[in-house]
Amino acid sequence: MLSIIVCIKQVPDTQKALFDPKTGIIGRNCADNIMNPDDLHAIEMALSIKDMYGAKITTITMGPPQAVDVLNEAYALGVDNCVLISDPRFAGSDSLITSKVLSRAITRLGPFDIIITGCEAIDGNTAHVGFQLSEFLTIPLLTQIHNFQINSGHAIIERLYGHEYQKIQVRLPLLLAISKNTNRVRIPRLYELKTCTDRKIHMMTMDDIGGSDQEYGTAGSPTVVVDTEIFSHKREREVFAGDCSEKADMLIHKLKKHNILKY
Amino acid sequence: MARVDNKFKDYKDVWVFTEIQDHERVLEGALELLTKGREIADTLKVKLYAVVFALEAEQYLSVIERHAPDAIFYCSDKALKHYDSQIFPELYTRLIQKYKPSIVLFPSTEAGADLAPRLAQRFSTGLTSHCTDLSILDSHEHGRGILVMKRPAYSGNAIATVICPRTRPQMATVQQGVFEKKETTGRKTEIRNIPFEFDLSKLRISSLEAPVRWDKPKVPLEQASIVVAGGRGLETKRNFDRLYELSEILGGEVGATRVPVFNNWCGEERMIGQTGKTIHPRLYLAFGVSGQIQHTASVVDSEIIVSINTNKSAPITELSDYVITEDAGTFLLCLIEHLKREKRT
Amino acid sequence: MDLSLTKSQLMIQKNMRKFATEVLDEWANVLDRESKPLPDEIVNEMGRLNIWGIQAPVEHGGAGLDTVSYAIVIEELSRVSGSIGLGVTVHNSVCLAPLLKFGTPEQIERYAPDLASGRKIGGFTVTEPQAGSDAASIQTTAVLDGDHYVLNGQKAFVTNGGIGDLFLTAASVDLKKKIRGIAIFIVEKSMNGFEVGKIEDMMGMRGNMVSELFFNNVSVPKGNVLGTPEEGFKISMQTLDIGRIGIAAQALGIGTAAYEAAAAYAMKRTQFDRPIGTFQAISFMLADMKTHLDASRLLIYRAADLKDRGLPYSTESAMCKLYASTTAMQVCLKALQIFGGYGYVKDLPVERFFRDAKITEIYEGTSEVMKIIIGNEIIKEFSRF
């Protein structure tokens with residue numbers, strides 16, 4: 001039986017932040033906490049593998065106590081075990097330290113055949129954790145998966161890299177980073193939605209993974225956020241000058257600067 | 001404060017991961033970073049290094065030189081034809097361990113987004129990604145000449161200012177197009193070849209089939225990252241049909257307001273609006289769309305909105321980043337031609 | 001008293017809303033305009049989600065949810081499509097539920113798993129062309145002949161009639177005995193002589209294949225009598241108590257959809273230099289709508305809670321159905337007014353909400369019958385003094 005662990009995160013619903021396009025002012029409606037969208041797709045990936053090959057799926061999240069909500073959602077979708085690693089000493093951890101905590105917890109809970117994460121969290125938007133877990137655990141990371149099969153200890157993967165569509169073979173264990181484009185998340189069944197809040201959540205703290213205070217939290221994080229300012233979404237309303245041809249050139253230039261047109 | 005300075009006295013110089021695109025040319029973003037890197041190095045009075053790994057790195061040296069690094073480290077080997085996450089981090093790690101740069105900059109590309117976090121982990125140092133601004137600051141609290149990085153957070157609703165005060169190197173990936181590239185002459189550039197040393201038998205990922213060139217498949221309108229839409233202002237079906245050609249070139253999808261649908265210029269599934277689809281693309285180009293609320297409410301979340309309309313006060317201009325006051329059909333033709341010309345060069 | 005939903009109920013609400021908006025929404029207009037039922041793959045997906053067996057016990061393939069959760073599911077489905085909500089609540093409340101409540105272990109084992117999984121869709125039929133509110137005067141007969149009954153008659157306005165596999169059918173074993181002669185039979189569409197008649201061309205709920213049913217010497221085994229042959233009317237009445245909570249939730253869903261659409265529109269539509277929602281005439285309408293919808297919700301949850309605690313709830317069930325259906329109609333009228341001309345065109349769903357809402361005041365007991373039930377309770381209560 002394959003053993004899979006999925007790393008998920010509870011985040012504020014930053015994509016619902018409503019702003020007035022005229023004034024660029026943001027409403028405070030991003031207070032709702034949700035499971036990070038990419039992470040839902042990561043769980044779906046694990047469930048698809050379970051449907052095909054049989055697997056035991058563990059879900060882990062590093063967060064404050066209320067992060068149990070995303071673990072309930074994971075149970076509702078059909079995972080087998082949920083772990084919350086929570087400790088006030090983790091507060092203020094940046095992506096590197098988050099990866100360190102998760103990798104230590106995974107080592108304690110494992111071994112696992114497949115580790116799955118979401119690509120990017122909608123609050124931090126760093127997309128570092130997958131790569132840094134790959135380094136901490138020294139296992140290869142695969143992204144942009146189109147097809148995934150397992151054959152005696154190896155994964156046969158079809159994936160997109162740049163402009164190339166590759167078919168590769170990787171020996172287990174391996175790490176997958178999943179994004180919204182990979183699959184469609186199933187809707188949980190009513191039965192699991194009813195029972196998920198009763199299921200047991202395994203708790204871990206800093207004491208369970210070892211290390212000292214200085215390694216974690218704000219103290220251990222090499223990056224420091226010194227300021228956060230609200231970004232104004234006010235539209236520029238820049239009017240192009242010149243004739244048709246000049247405006248076309250201007251538009252192409254702008255699109256390149258916005259990284260929409262490749263050079 | 002003096003203690004912080006002493007701790008890092010071994011680390012100086014600015015490095016740029018000079019990525020090669022499609023094994024054909026130096027990435028524009030890398031040239032932009034070299035230009036910015038030059039500025040930062042001059043402010044700090046240190047050196048700028050360009051580091052390039054490629055199949056035949058020699059062919060790129062002259063264009064890199066024109067962007068004024070003090071030195072270029074280059075390594076050539078067929079194993080370096082494409083970015084490989086099993087090889088590049090290892091080679092870079094050795095260089096960083098040996099030469100101890102204070103700042104390492106990467107373009108925010110697929111390769112940069114893989115390489116940078118791996119290196120940050122290996123050096124237990126800080127990385128700030130998708131930066132939209134870089135500057136140097138002398139801070140009482142954190143030390144002199146530290147790199148200050150700004151990047152979007154909260155799905156683009158906020159800008160975070162980040163520093164890496166306690167560890168080195170300070171690392172950043174930077175979005176393409178944020179900085180301008182500039183060629184300068186008159187600087188002597190040292191060229192240093194790094195021999196390729198790597199045990200290829202260590203690789204855990206093996207290729208089963210020759211990779212195939214692949215372009216993105218059609219996506220539903222609601223998920224498209226580029227949408228070109230037409231409205232009444234296009235006037236004829238023949239004009240509307242040109243949108244397909246434009247969307248093909250840009251790699252996007254075609255949408256419409258009520259009018260084209262009711263005139264049978266296209267099917268209902270392309271309608272964007274209250275009773276149709278809601279979109280959140282990176283780019284929304286509106287040709288001949290006046291911008292009634294029933295339509296615009298479904299496009300407000302687009303990152304960049306460009307409107308083309310003969311009426312310079314059409315409601316859609318309120319919502320636009322770029323306003324083009326031209327006849328929609330004429331401009332559409334013109335834009336397609338210019339884009340086709342671009343592709344040929 | 002804690003009126004808030006539990007974490008689990010909130011998750012059910014969120015996920016049913018997600019299912020309804022992501023999967024069902026694109027079918028809502030199609031079902032209405034073309035008067036056709038949901039495609040099989042959606043019916044199957046709903047089966048996987050336990051939507052065809054929301055309260056059925058887990059051992060029969062259901063989800064075993066409480067009644068408040070049930071109301072939440074129906075509301076969320078109805079918010080997107082009244083027709084879909086109707087099909088689901090009738091199948092669950094007035095077919096599967098009475099089967100589970102009054103059926104023998106053998107009947108339950110034979111029929112419940114198929115119904116709970118959605119492999120078979122069920123309905124409940126009493127009404128006939130000449131017998132609506134006066135349900136006791138049905139004319140369909142069931143004549144005992146050895147080990148089976150022979151059913152003859154005609155039913156009208158059968159919800160799920162056109163697509164249903166199984167119907168709990170009220171027929172009289174002895175017309176002279178009136179109420180005491182009515183029995184409920186489990187009739188399968190595969191039985192000889194069973195025929196689906198005309199599919200009604202209706203003002204609303206057009207995604208439900210409401211139809212006539214004809215019984216021409218349909219042979220129904222004795223083992224298919226639900227309960228005893230004298231209990232039919234009692235079973236009907238208790239079944240309708242269960243059903244009314246679902247219908248009320250359905251009406252609430254339709255009303256809520258209309259209200260939310262109207263409120264959003266009122267703040268986007270500007271006339272005289274301001275959003276029309278900021279004019280008191282409109283905001284007062286919205287205030288009424290919100291208040292009545294909220295009151296409907298609380299009445300529904302209260303009836304649901306009483307039912308789950310095993311307490312009498314017939315009056316409360318009638319009250320919530322009466323109030324929610326009246327509210328839905330009033331809300332839809334106001335919503336259409338707020339939309340103005342745009343409310344009148346088929347491009348927007350408002351006119352569909354309006355057309356769907358009306359029937360909630362009529363079926364499963366008209367509002368007038370609800371008032372009779374409630375009135376009788378009042379008479380009983382105050383007669384002691």
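Which helix of chain C holds C:Asp25?

## C:Asp25 and its surroundings

In this predicted model, C:Asp25 is part of helix α1 of chain C, which spans residues 7-34. C:Asp25 counts as partly exposed because 14 C-beta neighbours fall inside 10 Å. Apart from neighbours within four places in sequence, its contacts are C:Ala20 and C:Val80.

C:Glu381 lies 356 residues from C:Asp25 in sequence. In space, the C-alpha atoms of C:Asp25 and C:Glu381 are 46 Å apart.

## Domains of chain C

Chain C is assigned domain 1 (7-120), domain 2 (123-230) and domain 3 (233-382). The centres of domain 2 and domain 3 of chain C, taken over C-alpha atoms, are separated by 30 Å. To the contact between them, domain 2 of chain C gives 14 residues and domain 3 of chain C gives 10 residues. On the side of domain 2 of chain C that touches domain 3 of chain C, 11 residues are nonpolar, 3 are polar and none is charged.

## Contact between chains A and B

The contact between these chains involves 64 residues of chain A and 70 residues of chain B. Elements of chain A that each supply at least two residues of its side include α3 (95-109), α4 (129-137), β9 (154-161) and α8 (244-257). The largest share of this side, 10 residues, comes from α8(A). By class, the side of chain A that touches chain B has 29 nonpolar, 17 polar and 18 charged residues.

Strand pairing also links the two chains: β10(A) and strand β13 (residues 205-213) of chain B run antiparallel and are joined by 6 bridges. A:Tyr165 has B:Val212 as its bridge partner in β13(B).

How values were computed: Residues numbered from 1 in each chain as written. Chains lettered and ligands numbered in written order. Predicted model: local features only at pLDDT ≥ 70, side-chain atom pairs only at ≥ 80, totals over all residues. Helix = DSSP H or I, 4+ residues; strand = E, 2+ residues; numbered from the N terminus. Buried ≥ 20, exposed ≤ 12 C-beta atoms within 10 Å, placed from the backbone. Contact = placed C-beta atoms within 7 Å. Domains from an automatic or database assignment. Nonpolar A, V, L, I, M, F, W, Y, C, P; charged D, E, K, R; others polar. Pairing = 2+ DSSP bridges.
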